[in-house]
Amino acid sequence: MTCSRSSDTRSSCFANFTTRSWSALAPSRGQAIPGALTGQDVIGAAQTGTCKTAESSLPLLQRRLKPEYASTSPARHPGRSLVLLPTRELADQVAQQVKLYAKYTNLRSAVVFGGMDMKPQSLEPKRGVEVLVATPGRLLDHIDAKNAVLNQVENGGTDETDTTRDTGTHADR
């Protein structure tokens, strides 16, 4: 599937994607994008380096563009998408890509992961974000601290789900 803008995709999300010199989507993900755009559950697998992050993030962002608010009020930016990843490195990498793809929109995103003080990470989720990228253990910490509210999450994604499952979270949860 060739990367192109279509009537189903807002150009603001694709603007950064199409300038990245990628010319084709991985076959498994290219077939999955239409289903993801309509809210269907999608499971796919592809090799490293095949634009999986872009191909899963773009439909997620597209679904968040309706409605898109320029307001600074946290109430206008409820967490509606959650992306769970097993490691802080992968979470940070995915969060950077999500911010890049959403650059020309009013969508907000944040990342939370362990291995550092939780306080600096709590500011963005409290201000309101449409997309929260997180590792499971730190997400639970933020839920307990009431920094992350997930009652409006409509869709989500994972990567390396087998690693996330095998790693587990706090033993007392």
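Helix α6 spans residues 136–144, and its buried residues are Pro136, Gly137, Arg138, Leu139, Asp141 and His142. Here, buried means under 20% relative accessible area (1.4 Å probe, protein chains only). Helices (H or I, at least four residues) and strands (E, at least two) are DSSP runs, numbered from the N terminus. After α6 comes Lys146, with a positive phi near 65°.

The model is predicted: local features need pLDDT of at least 70, side-chain atom pairs count only at pLDDT 80 or more, and totals for chains, interfaces and linings use all residues. Residues are numbered from 1 along each chain as its sequence is written, and side-chain values use heavy atoms, with hydrogens and water left out.

Seven helices and four strands make up the secondary structure of the chain. Their order along the sequence is α-α-α-β-α-β-α-β-α-β-α. Totals for the chain are as follows.

| Property of the chain | Value |
|---|---|
| Buried share of the 173 residues | 42% |
| Share joining residues at least 24 apart, among contacts between residues at least 6 apart in sequence | 65% |

Contact means heavy atoms within 4.5 Å, and accessible areas come from the Shrake-Rupley method with a 1.4 Å probe.

Ser57 belongs to helix α3, residues 52–64. Ser57 counts as buried because its relative accessibility is 6%. Apart from neighbours within four places in sequence, Ser57 is in contact with Val98 and Tyr101. Between Ser57 and Gly157 lie 100 residues in sequence, yet their C-alpha atoms are 8.6 Å apart in space.

Technical notes: Buried < 20%, exposed > 50% of the residue type's maximum accessible area, 1.4 Å probe, protein only.
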